[in-house]
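Reader: Could you walk me through this model, one question at a time? I'd like the cut-offs spelled out as we go.

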Amino acid sequence: MTAFRPGSPYRPGSPGGRRPQSASSVHTKVEEELHEMAGIDFDKVTIKHNPSVPVLYEEALTHEEGSVISSAGALCSYSGLKRGRSPKDKRIVDEPDTTNDIWWGPVNTKMSERVFLINRERAIDYLNTHPRLYVFDGYAGWDPKYRKKIRVIASRAYHILFMHNMLIRPTEEELENFGTPDFTIFNAGEFPANRYTTGMTSSTSVSINFKRQEMVILGTEYAGEMKKGVFSVMHMLMPKAGVLSLHSSANEGQDGDVSVFFGLSGTGKTTLSTDPNRKLIGDDEHCWSDSGIFNIEGGCYAKCIDLSAEKEPEIFNAIRFGSVLENVVLNEDSRVVDYSDDFLTENTRCAYPINFIPNAKIPCMGGHPKNLILLTCDAFGVVPPVSKLTSDQVMYHFISGYTTKVAGTEDGIVEPTPTFSACFGAPFLVLHPQKYASMLAEKINQHQTDAWLINTGWIGGKAGDVKRCPLKYTRAILDSIHSGALAQGEFENYEVFNVAIPKSVENVPSEILHPRKAWQGKTEDFDKSLNKVATMFTENFNIYKDQATPETCSAGPQV
């Protein structure tokens, strides 16, 4: 290793003090692998393999415009024009071995092998022109039996630090014996795709080739594409191994009881799964195997808009040296971040290792879930605060993935707008939703897991007419679920939805548990709202009827 001494013309990690070397130099195994499989010219390009966090900081600060250190010690990086994912530019190669498995349509658009190779060549040509390349080898999946070896090749240190945080970091021994990766990401996001290439709709392309076990990124520097790309890969590979992949958070109680939370943005998934009395297994991506639950990731990717130490102390305090802040605005002199400033984007983010959370469970694994929590935010006032689901109802509501957006959450939203996202994460699915739903129902029945639908939205009327269900009541419901008391309670049937709702929950007013009884307006208005929501469910589910089981289809609301 090159020594660094005061007065040296080069600081450690800088390209001036190391390669490129002559053709007669001894090359590392990784350099030779990159040359063999991708034609990377290691005599012209400096390749840094699994560099340390301080080196990645130095590289980003030296070579990436706009990079600075925040007052808390996080690396502040900027993703260029793209500040969110580009789902319309996602493609999967259509090839014989997987074509019959993939859920083709708006989520998964076909790409030919030839076009993929054109984009791959374009990406590698760009990477070869870069004086510095960074490589990170890490794992997806905490269970050694099922984990996948992921290699990331990128031209930006920011991207490698991001994936250093989001993948599971190997020990020195594991890195030495890493072997051939199961999947390789070529991130040439600084360079655009050719819009005139067949099948391209823009200068951005995010493409996956399961046959070649590769992913190519062009035209977007948004780091989240890598994270969700790995998730899409796991959504294909894990079910093939008999393991269910889930877009969810998970925590564990003091007695080892595991709860898994599903929910779209605004439903409270992060807030409710963060519990000082329970250990965090993970906040976003998990798998359910024959051994139990395990986190796919080695870190967390948290939203930062309006973040404060008072509201979310765990996340706020995790933003320190080693974390990556994306697209935030900060004071030019003090380097203090203004988390309320959405000048660049509302989608400001921070990526940090999960061990930065004090009550994280390491390794991020747990037993079979005792409770499954499906979260929704209903703005029409007709979904109960809590209801117990049968396995068929779990499949129906899991495939539906329902919530509502309300005025003020997005431009153009002036009234409650229903949103359905299959399996609470449609953009990342690879197989048909029924595949994941059937596996979920099978595991629920096998392990006698209780399943609950919790509405964190409006009770007693529509949004704008009444207040949202107080958080303290939702937490009381969760406490009753975790203690086991709610499962032992007395239930009644709720019309149209045909779900079981409890007659009482400790520390929750009984009058809010039944939507019809809680309704503060006219009876005919309630009936109208109830039938409206039920009809929306039915119309949305028509998309999935072709492959859904009869039991699943009949488990939804009956108008």
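What follows is a set of questions and answers about this structure.

Author: Before we start, this is a predicted model, where local features need pLDDT of at least 70, side-chain atom pairs count only at pLDDT 80 or more, and totals for chains, interfaces and linings use all residues. Residues are numbered from 1 along each chain as its sequence is written, and side-chain values use heavy atoms, with hydrogens and water left out.

Reader: Which residues have the most contacts inside the largest nonpolar core?

Author: A nonpolar core here is a set of buried Ala, Val, Leu, Ile, Met, Phe, Trp, Tyr and Cys residues joined through side-chain atoms within 4.5 Å. Buried means under 20% relative accessible area, exposed over 50%, and partly exposed in between, with a 1.4 Å probe and protein chains only. The largest such core has 128 residues, and those with the most contacts inside it are Leu325, Tyr352 and Phe398.

Reader: How many residues are in the second, separate core?

Author: That core includes Val115, Leu127, Val135 and Phe186. Its residue count is 24.

Reader: What span does α10 reach from its first C-alpha to its last?

Author: Helices (H or I, at least four residues) and strands (E, at least two) are DSSP runs, numbered from the N terminus. The expected span of a helix is 1.5 Å times one less than its number of residues. Helix α10 covers residues 433-447, 15 residues, and comes out close to the expected 21 Å. The span it reaches is 21 Å.

Reader: Why does the span of α11 agree with what a helix should give?

Author: Helix α11 (residues 471-483) has 13 residues, so at 1.5 Å a residue it should span 18 Å. Buried residues in α11 include Tyr473, Ile477 and Ile481, and what covers the buried residues of α11 includes β13, α7, β23, β24 and β27. The end C-alpha atoms of α11 are 18 Å apart.

Reader: Which residues does Leu389 touch?

Author: Leu389 lies in strand β24. At 7% relative accessibility, Leu389 counts as buried. Leaving aside neighbours within four places in sequence, Leu389 is in contact with Leu374, Val394, His397, Ala451, Trp452, Leu453 and Val499.

Reader: Which side chain makes a polar contact with the side chain of Asn187?

Author: Asn187 lies in strand β8 (residues 183-188) and is buried, with a relative accessible area of 2%. A polar contact is a pair of N or O atoms within 3.5 Å; within protein, one must be able to donate a hydrogen and the other to accept it, and residues adjacent in sequence count only if both atoms are side-chain atoms. At 3.4 Å, the partner of Asn187 is His159.

Reader: Where is the positive phi of Asn327 found, and is that residue buried or exposed?

Author: Asn327 is a residue other than glycine with phi near 60 degrees. Asn327 lies in the loop between β18 (324-326) and β19 (329-330). At 2% relative accessibility, Asn327 counts as buried.

Reader: Which element gives the largest share of the lining of the largest cavity?

Author: On a 1 Å grid over the protein atoms alone, a cavity is a set of points where a 1.4 Å probe fits but cannot get out, and lining residues have an atom within 4 Å of a point. Grid points are joined across faces, edges and corners, and a volume is the space filled by probe spheres set on the points. The largest cavity has a volume of about 120 Å³, and of the 13 residues that line it, the closest to its centre are Arg85, Lys90, Val206, Glu225 and Lys228. The largest share, four residues, comes from α6.

Definitions and conventions
On a 1 Å grid over the protein atoms alone, a cavity is a set of points where a 1.4 Å probe fits but cannot get out, and a pocket is an open set with protein on both sides within 12 Å along at least five of seven lines; lining residues have an atom within 4 Å of a point. Contact means heavy atoms within 4.5 Å.
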